[in-house]
Amino acid sequence: MEGVPQIPPLDHLEYMRFALSQAQHSPSNPTNFRVGAVLVDEESNRILATGYTLELPGNTHAEQCALRKYSAANNVTEEAVSLILPIQTVLYTTMEPCQSRSAGNLPCVDRILRTLSSHSRGIKTVYIGVKEPNTFIAANAGQSKLEEAGVVCVHVPGLEEEILRTATAGHPD
């Protein structure tokens, strides 16, 4: 991918910082969090795709955009992305993936779980900057749902204040 930084292998804080830079491209909106996501092949340390809230048409979330862009770049549907994801694919997201969405949109947790397949592929680790605040959903159980399905969720500390400040830009005080 062009225009992406060289990040040392397993430097989770730098990958999260890059995800945060993606979130900052998202428009400020009182009805959305500004979230960034980075899809990474951990084995080769290659960034596969990036995404941010509202990057693509529709009420799109960051994780959804990253998966759609990777699918499109590889000429497969998002539903079939598990067939082409590298075995060591991980996801960095500035905020806990959502577990419920408005009508017509698959929750990000379900999109992540859909990548898991019997071919040893799929997103098996999600690095999270912050838990989702209770602004729109009383208690997002996205992380719990991922963990129940065997996906490892890892909190990456150090950027929480900046992530929340970015995520809530445009929200009433």
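Author: Buried, for a residue, means under 20% relative accessible area, exposed means over 50%, and partly exposed is anything in between, with a 1.4 Å probe and protein chains only. The model here is predicted, and local features need pLDDT of at least 70, side-chain atom pairs count only at pLDDT 80 or more, and totals for chains, interfaces and linings use all residues. Numbering starts from 1 along each chain as its sequence is written, and side-chain values use heavy atoms, with hydrogens and water left out.

Reader: Happy with that! Let's start with E96: is it buried or exposed?
Author: E96 sits in the loop between β3 and α3; helices here are DSSP runs of H or I with at least four residues, strands are runs of E with at least two, and both are numbered from the N terminus. The relative accessible area of E96 is 3%. That value is under the 20% limit, so E96 is buried.

Reader: Which side chain does E96 meet in a salt bridge?
Author: A salt bridge needs a side-chain nitrogen of Lys or Arg within 4 Å of a carboxyl oxygen of Asp or Glu. For E96, the N to O distance is 3.1 Å. The partner is in the loop between β4 (125-130) and α4 (142-148), 35 residues apart from E96. At 45% relative accessibility, this partner counts as partly exposed, and the residue is K131.

Reader: Which residues do salt bridges with shared partners join into one network?
Author: In general, side chains of opposite charge can pair when their charged atoms come close. This structure holds eight salt bridges. With K131 partly exposed in its pair, the network lies among other residues, joined through shared partners: R68, E78, E79, R111 and R114.

Reader: How far apart are the closest N and O atoms of R111 and E78?
Author: R111 and E78 form one of the salt bridges. R111 belongs to helix α3 (residues 108-114), while E78 belongs to the loop between α2 (62-73) and β3 (89-95), 33 residues apart. Both residues are buried. Their closest N and O atoms are separated by 2.7 Å.

Reader: And which side chain meets E78 at 3.2 Å, N to O?
Author: This is a salt bridge too. E78 is in the loop between α2 and β3 and its partner in helix α3, so the pair ties together parts 36 residues apart in sequence.

Reader: Let's turn to helix packing. At what angle do α1 and α5 pack?
Author: Two packed helices are described by the angle between their axes and the distance between the axes. Axes are lines fitted to C-alpha atoms, for helices over the stretch in contact, and angles run from 0 to 180 degrees between N-to-C directions. α1 (residues 12-23) and α5 (residues 160-167) have axes 10 Å apart. Angles under 35 degrees count as roughly parallel, and α1 and α5 pack at about 15°.

Reader: Which residues in α5 do M16, L20 and A23 meet?
Author: M16, L20 and A23 belong to the α1 side of this contact, where contact means heavy atoms within 4.5 Å. Their counterparts in α5 are E162, I163 and T166.

Reader: What is the relative accessible area of M16?
Author: M16 lies in helix α1. Leaving aside neighbours within four places in sequence, its contacts include Y92, Y127, V156, L159 and I163. M16 is buried, at a relative accessible area of 0%.

Reader: How far apart in space are Q143 and E132, C-alpha to C-alpha?
Author: Q143 lies in helix α4 and is buried, at 18% relative accessible area. Beyond four places in sequence, it is in contact with E96, I128, K131 and C153. Q143 and E132 are 11 residues apart in sequence, and in space they are separated by 9.6 Å.

Reader: One last thing: what is the phi of L10?
Author: L10 is found in the segment before α1 and counts as exposed at 53% relative accessibility. It is not a glycine, yet its phi is positive, at about 60°.
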